Amino acid sequence: LSLGFSVAAVKEDIERILTNETADFGHHGGFLIRLAWHCAGTYRTEDGRGGCDGARIRFDPENSWKDNAGLNEVLDLLRPIQAKHEGLSWGDLIVLAGNTAIESMGGP
């Protein structure tokens with residue numbers, strides 16, 4: 001199975017943005033986890049729509065929901081990574097960023 005991009009290379013790029021003195025406690029991990037959680041949290045069991053497929057959290061109305069306040073900042077951090085890796089979807093990037101953040105903070 002060829003994805004058209006290297007998952008390892010994407011994870012390396014995500015790891016590079018995690019540590020930053022301007023982030024809460026010097027680490028963007030919590031911010032990336034929150035983004036992934038909120039993106040996935042829109043999944044609807046009734047019709048199987050929503051979730052991170054299509055990463056609609058980037059657009060209104062989801063983008064303007066009060067619960068998603070501030071998430072544009074972390075999307076801006078991910079924008080260069082998404083542009084760099086041809087074939088990498090926004091949904092995959094958001095989920096991988098959340099997972100990479102958990103791993104970087106000692107999670108499973």
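This is a predicted model: local features need pLDDT of at least 70, side-chain atom pairs count only at pLDDT 80 or more; totals for chains, interfaces and linings use all residues.
When the lining residues of the largest pocket are sorted by class, three are nonpolar, four are polar and two are charged.

Phe 25 is not a glycine, yet its phi is positive, at about 55°. This residue is placed in the loop between helix 1 (7–18) and helix 2. A cis peptide bond, with omega of about 10°, joins Asp 60 and Pro 61. Pro 61 is located in the loop between helix 2 and helix 3.

Helix packing was examined for two pairs. Two packed helices are described by the angle between their axes and the distance between the axes. For helix 2 and helix 4 (residues 90–104), the axes come within 8 Å and cross at roughly 140°. The two helices are therefore oblique to each other, and helix 2 passes helix 4 in a left-handed crossing. On the helix 2 side, the contact involves Gly 29, Leu 32, Ile 33, Leu 35, Ala 36 and Cys 39, which meet Ile 94, Val 95, Ala 97, Gly 98, Ala 101 and Ile 102 of helix 4. The residues of this contact comprise 10 nonpolar and two polar residues, with no charged residue.

For helix 1 and helix 3, the axes come within 10 Å and cross at roughly 160°. Because angles over 145 degrees count as roughly antiparallel, helix 1 is roughly antiparallel to helix 3. The crossing in which helix 1 passes helix 3 is right-handed. Helix 1 contributes Val 10, Asp 13, Ile 14 and Ile 17, and these residues meet Leu 77, Leu 78, Ile 81 and Lys 84 of helix 3. By class, the contact of helix 1 with helix 3 has six nonpolar residues, no polar residues and two charged residues.

Technical notes: Residues are numbered from 1 along each chain as its sequence is written. Side-chain values use heavy atoms; hydrogens and water are left out. Ala, Val, Leu, Ile, Met, Phe, Trp, Tyr, Cys and Pro count as nonpolar, Asp, Glu, Lys and Arg as charged, and the others, Gly among them, as polar. Axes are lines fitted to C-alpha atoms, for helices over the stretch in contact, and angles run from 0 to 180 degrees between N-to-C directions. Helices (H or I, at least four residues) and strands (E, at least two) are DSSP runs, numbered from the N terminus. Angles under 35 degrees count as roughly parallel, over 145 as roughly antiparallel, 65 to 115 as roughly perpendicular and the rest as oblique. A crossing is left-handed if the near helix is turned anticlockwise from the far one by less than a right angle, and right-handed if clockwise. Contact means heavy atoms within 4.5 Å.
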